[in-house]
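Good morning, colleagues. Please keep the sequence and the model in view while I speak.

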Amino acid sequence: MTLIQTSFNRRSFLKTSALAGGGILISFSWLAGCQPAVNEELLTLPEEWYSLNGFLKIGENGVVTIYCPNPEFGQGVKTSMPMIVAEELDIDWKKVIVEQAPFNTEIYKRQLSGGSQSIRQGWSSLRMAGASARQMLKEAAAQAWGVPVEEITTEEGMLFHKPTEKTAGYGEMASAAANIEVPKEVALKDVKDFKIVGTSRKNVNGKDIVTGKPMFSMDYNKEGMLIAMIVHPPAFGKKFKSFDDAAVKSMPGIKDVFTIKLYNDSYEKSMFDTATFTELVAIVGNSTWEVMNAKKAINVEWEDFDSYKETWGGFGGTRQVDVPSGLESSEDHYKEMESYSNTSAKVARKDGNPEEAFKNAAKIIERTYSAPFLAHNTMEPMNCFAEVTDDHAQLAGPLQAPEFLENTLSARLGMPLDKIDIEMTRMGGGFGRRAYSHYMIEAALISQKAKAPVKLMYTREDDMTYGIYRPTYHAKYRAAFDENNNLTAFHVNAGGIPESPLHANRFPAGAIDNYLAEQWAIDSNITIGAFRAPRSNFIAGAEQSFLDEIAEELGKDPIDFRLELLERAISNPVGERNDYDAARYAGVLELVKEKSGWNKETDANIHRGVSAYFCHNSYAAHVLEVKFTNGKLEIPKVTTAIDCGIVVNPDAAANMAQGAVVDGIGNALFGQLSLKNGKPDQNNFDRYKMIRFSEAPKEIDVHFVKNEIDPTGMGEPPFPPVFGAVANALYKATGKRHLNQPFFPDIEVLG
Amino acid sequence: MAVFNLNINGKNREIDVDPTTPLLWVLRDHLNLVGTKYGCGIAQCGACTVHLDDVAVRSCMMPVSSISNQKVTTIEGLSENGDHPVQKAWLEVDTAQCGYCQTGQIMTAAALLKKNSNPSDEQIEMAMNGNICRCGTYLRIKESVKKAADMMK
């Protein structure tokens, strides 16, 4: 049993009670789909709710509502976070109703989905919420029965006092428990006693999803609401000049056409204020189709902008960023990256004497890897509802991290935060894109100017050509061998536009005596943003492909070779800043080796590649099989091993890992956002090739390392190593090393 | 503008819209049937799939004027209580991640099973190939379609 200090204070408790009692949650829930997600259809709702803290309330009939603090974008937090609360509360999961918590970082702290951190960082507070409520119920029962609280036990929503044979349901004690002082210290369950965490529970919104209930902000509809769309410049390097709305203003259903400026002049941006186009044309009308037609008809003039500097605040202090002018092209980007790698690299880490080792090498192998920009392409395009009046702003949108943008919004509207309410709707995908919620500011400004509630909607084309892409990257790897064919030095030189993908202290750093890591970056006016496992999503593939080549050069099995390096990192690590646990890293390789039957012969047509990676505090490895049938690539099976500590909801976690594998294969083979003269070549799914049903693996077998380590990241870690597994398997099948992503850029797009 | 009488989910609905308005926006904006999703607007992603006389079609490029007396079925009308075998199978397999594309996937799958009650893996892949799932739930969709086929036997 673990005792932990609770961090709830009386203030947050009272405030939460007021929230729950004041009906604010209900008035905010404008969508049917935002109604409680009920696990058991026949669950009877109670007449009274008693709030024990911000995370839960209990009805007099024993039904419990648990609030999910973080926004849901498909990663399953709306099920898994409440499971953790329910575990420590010790309640039957069938009696739980789940609701999305209101956006209120005073109560819930970190209300963002990103960096695979929801479960890892929420673990303690969620357990504390359940455990402290359980303690309050026990106190209430002890007082009611006149017995010592230590003698009270609980089981699945029931309180027991065995010596006197008294029992009561949580519901019977909820009213009294709500008046108990929040305990200063509470006991947590032992991991071995978990009954909910570690068992598979179905998506709490499953029924709403399969019946098409409105739950995305795209589905929002309100009396008097207008539809708004923006027109943004057609190319990076361009800005708004003028528009002529003569042809548009009289079109049916069109109410207003105007421009908006996203920021006041001299506004200091913070980390997630990324916006590609800060002056936009907005068209407001009655219906989507009418506004779409006006959007096609409007005549807007654009002009090239001059290079400028902007100031960014946020993490790590204030910095100046150069935004160059010009209309950039992918073809030039690749040439520039090659050139920078030769001239502009700065050392990020050096162990031993790599220069000497390369000079004395009997043999050196060198390979250069690259990858294009990628668009996130969430299935639900960017959109946001806004109703801004003189003294209040109501926003609802697909927002991964509204806490990053609420101050921006407040500054821009000139409205204090307490007059602004933001609802986090279920997101139709996120992948990092929705941490940059410029569209929330845009919607608010449009509503303010149009003096009406509006739903701002991006078309797919607006969305895909807006920017905030995964950067384009380049990495050069070198390995030195002595005359006895021993690996003597390792060199990585990595960079990108406009950031480097390097993680200098990750494997194989720590496993090789002579190690050099260098990096560089090139300024650009193409905007970028976090994309599922930023930086790792490229560098893992390059590194794991290169390790495959080294293993081959050494005549070693690729898994055994990695394990040998990891053994060195375990027993006698080089350097002190290695940021991975070599034993856990080796653990996923051992597991994937066993589960994939790596040492067993396969069908002669089947070729396998292995890859592993550490990121977001977790470890993942894949063995991927490929085969070619009449020249057509097929992926019969992928075996996946993951160590992310305790797995809260195993089947849902397996689903996400399977999705990461499919996502990785799709981007490795086809993913590409290329540019010509500042203009994206792809603006919709007819040109942007997404992985489809027939290209997905036939089987993805996911295994988790079983341990009792507190949970670490899950959404991102399985994604980066997929790229290397694909490349290494393709090499086995074709004898050709695939160095540049996408591996199959010319494949036909099927609609 | 023009008045159209449509048979949607078994009910007659009269709407007055621009004849070029795609069925998708008639459903979403004018009838508040928002289970049918917008994904691409060019019939490439399948999020907007509905049934026209039991055949899966993309509603985002289908002008309302092109529909005469065919029956339109949307996700809201696929079953009375959300208990169509395809919907039940989707829940059993816990298929969805973000959920945005899934109503389109379900409508395509339901139309497939209506035509072919025992599809092979290859037939499922072919039928579902026009529906993109960005979360990558394709394997679970396949499992769900097979489970639904079993339920319908």
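Lys114(B) and Asp54(B) are joined through their side chains by a salt bridge, with an N to O distance of 3.9 Å; the term denotes a side-chain nitrogen of Lys or Arg within 4 Å of a carboxyl oxygen of Asp or Glu. Across the interface of domain 1 and domain 2 of chain B, the rule finds one salt bridge.

Strand 3 (49-52) and strand 4 (55-58) of chain B each supply at least two residues of the side of domain 1 that touches domain 2 of chain B. Helices (H or I, at least four residues) and strands (E, at least two) are DSSP runs, numbered from the N terminus. That side of domain 1 of chain B has seven nonpolar, seven polar and three charged residues. Here Ala, Val, Leu, Ile, Met, Phe, Trp, Tyr, Cys and Pro count as nonpolar, Asp, Glu, Lys and Arg as charged, and the others, Gly among them, as polar.

A word on conventions. This is a predicted model, in which local features need pLDDT of at least 70, side-chain atom pairs count only at pLDDT 80 or more, and totals for chains, interfaces and linings use all residues. Residues are numbered from 1 along each chain as its sequence is written, chains are lettered from A and ligands numbered from 1 in the order in which they are written, and side-chain values use heavy atoms, with hydrogens and water left out.

To complete chain B: its domain assignment gives domain 1 (2-77) and domain 2 (85-152), the bounds coming from an automatic or database domain assignment. The centres of these two domains of chain B, taken over C-alpha atoms, are separated by 21 Å. In contact, meaning heavy atoms within 4.5 Å, are 17 residues of domain 1 and 13 residues of domain 2 of chain B.

The size of an interface is often given as the accessible area lost when the parts come together. Buried area is the accessible area (1.4 Å probe) that two parts lose on being put together, summed over both. Between domain 1 and domain 2 of chain B this area is about 1200 Å², with 59% given by carbon and sulfur atoms.

I turn to the interface of the two chains. How much area is buried between chain A and chain B? The value is about 4900 Å², of which carbon and sulfur atoms give 57%. Chain A brings 63 residues to the contact and chain B brings 54 residues. The rule finds five salt bridges across the interface of chain A and chain B. In a salt bridge of Asp219(A) with Arg28(B), the closest N and O atoms are 3.1 Å apart. Polar contacts between chain A and chain B number 29 residue pairs, both residues at pLDDT 80 or more.

Which helices of chain A supply at least two residues each of the side that touches chain B? They are helix 7 (206-210), helix 9 (288-297), helix 14 (460-464) and helix 18 (650-669). Helix 18 of chain A gives the largest share of that side, eight residues. By class, the side of chain A that touches chain B divides into 27 nonpolar, 21 polar and 15 charged residues.

Within chain A, the assignment gives domain 1 (2-206), domain 2 (217-309 + 382-457) and domain 3 (522-734). The C-alpha centres of domain 2 and domain 3 of chain A lie 37 Å apart. About 900 Å² is buried between domain 2 and domain 3 of chain A, 62% of it from carbon and sulfur atoms. Phe236(A), Phe431(A) and Tyr436(A) supply 57% of the area that domain 2 of chain A buries against domain 3 of chain A, more than any other three residues. The count of salt bridges between domain 2 and domain 3 of chain A is zero, and that of residue pairs in polar contact, both at pLDDT 80 or more, is four.

Finally, two backbone details. The peptide bond from Ile497(A) to Pro498(A) is cis, with omega near 0°, and Pro498(A) is found in the loop between strand 25 (487-497) and strand 26 (514-521) of chain A. A cis peptide bond also joins Gln741(A) and Pro742(A), with omega about -5°; Pro742(A) lies in the segment after helix 19 (720-734) of chain A.

Terms used:
Polar contact = N/O pair within 3.5 Å; in protein donor to acceptor, adjacent residues only side chain to side chain.
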